[in-house]
Amino acid sequence: MYALYIRNKPQCDALLARYGSPFFKRRQLCLGDRMELGSYLQMPIRRMMRYVVLLQELIAECSAENAQDARSLRAAMEMVQFQLHHGDNLVAMDAIRECDVNLKEQGQLLRRDRFTVWCGRRKSVRQVFLFEQLIVFTKVKRVDSGPETYVCKSSLKTADVGLTENIGESGLRFEVWYRRRRSNETYVFQAETADVKQAWTRDIAQILWRQASWNK
């Protein structure tokens, strides 16, 4: 429910700004309310963030004797964090443009990060989305009057690729390649941090392992 709320909030904000502001401003003055409607609409998201902080504080107070309580609190915190992250992912999915693939049919969106990507001699900076069944390369498009969108440039089916988890000595690069290994279909990713690189290679490896298990 919270994830869907986060997903729909940008549309709500846009409609409110375009059509509803004068009406709700009059109602605010009539009721003598200090807060605008937009502030009320932001409250559920702020509340979720505060839940995370509260749970972190409670976990920190647990002693070794309260290990079971700490595990329960940690599970609750992970659930709240997942809802926030999932909501942000849904908003990002809705912002992808010019994609000829139905993204809702590509499994769960697992990760989205910015990479420097080489394909052959071509080098580009891309916002990359990792779905269970698809890797989508996009270019960020920023408009002064609205939120940023992502223009789809290309995509790879995860069922068609292999993974080399480490390339070079920087600790930031990995390689995704078509299993037929044609040179112009090899993609080298350079992450901005080692943590991002490790998370992506771990998730891609898990996807490929599951697909291999299904195909046995």
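Does phenylalanine 115 count as buried or exposed, and at what relative accessibility? At 1% relative accessibility, phenylalanine 115 counts as buried (under 20% relative accessible area, with exposed over 50% and partly exposed in between, for a 1.4 Å probe and protein chains only).

## Basis

This is a predicted model, in which local features need pLDDT of at least 70 and side-chain atom pairs count only at pLDDT 80 or more, while totals for chains, interfaces and linings use all residues. Residues are numbered from 1 along each chain as its sequence is written, and side-chain values use heavy atoms, with hydrogens and water left out.

## Sheet

An open sheet of eight strands has the order β1-β5-β4-β3-β2-β8-β7-β6, with mixed pairing. Strands (E, at least two residues) and helices (H or I, at least four) are DSSP runs numbered from the N terminus, and two strands pair if DSSP finds at least two bridges between them. β1 and β6 stand at the edges with a single partner strand each, so one side of each has no neighbour in the sheet. Helix α3 (residues 67-94) packs on the sheet and touches β1, β2, β3 and β5; its direction makes about 50° with that of β2. α4 also packs on the sheet, touching β2, β3, β6 and β7, at about 110° to the direction of β2. These angles run from 0 to 180 degrees between N-to-C directions, with axes fitted to C-alpha atoms, for helices over the stretch in contact.

β1 (residues 96-97) and β5 (residues 149-157) run parallel and are joined by two bridges; isoleucine 96 has tyrosine 150 as its bridge partner in β5. β4 and β5 run antiparallel, with eight bridges, and threonine 138 is partnered by cysteine 152 in β5. Four bridges join β3 to β4, also antiparallel.

## Nonpolar cores

A nonpolar core is a set of buried Ala, Val, Leu, Ile, Met, Phe, Trp, Tyr and Cys residues joined through side-chain atoms within 4.5 Å. The largest has 19 residues, of which Phe115, Val128, Phe137, Phe174, Val176, Phe189 and Ile204 touch the most other members. Elements giving two or more residues to this core include β2 (109-119), β3 (122-131) and α4 (194-214). α4 gives the most, with four residues. Apart from this core lies another, of 13 residues, among them Met93, Ile96, Leu109 and Phe131.

## Aromatic pairs

The structure holds seven aromatic pairs. Rings of Phe, Tyr and Trp (its six-membered ring) pair if their centres lie within 6.5 Å; planes under 30 degrees apart count as stacked, over 60 as edge-to-face and the rest as tilted. Phenylalanine 115 and phenylalanine 189 have ring centres 5.5 Å apart and planes at 90°, so the pair is edge-to-face. Phenylalanine 115 is in strand β2 and phenylalanine 189 in strand β8, 74 residues apart. Phenylalanine 189 counts as buried at 1% relative accessibility.

The rings of phenylalanine 115 and tryptophan 200 are also edge-to-face, because their centres are 4.8 Å apart and their planes at 80°. Tryptophan 200 lies in helix α4, so this pair ties together parts that are 85 residues apart in sequence. Phe115, Phe137, Phe174, Tyr187, Phe189 and Trp200 form one aromatic cluster.

## Arginine 111

Arginine 111 is in strand β2 and counts as partly exposed, at 23% relative accessibility. Beyond neighbours within four places in sequence, its contacts (heavy atoms within 4.5 Å) include Val128, Trp200 and Asp203. A polar contact of 2.7 Å joins the side chains of arginine 111 and aspartate 203. A polar contact is a pair of N or O atoms within 3.5 Å; within protein, one must be able to donate a hydrogen and the other to accept it, and residues adjacent in sequence count only if both atoms are side-chain atoms.
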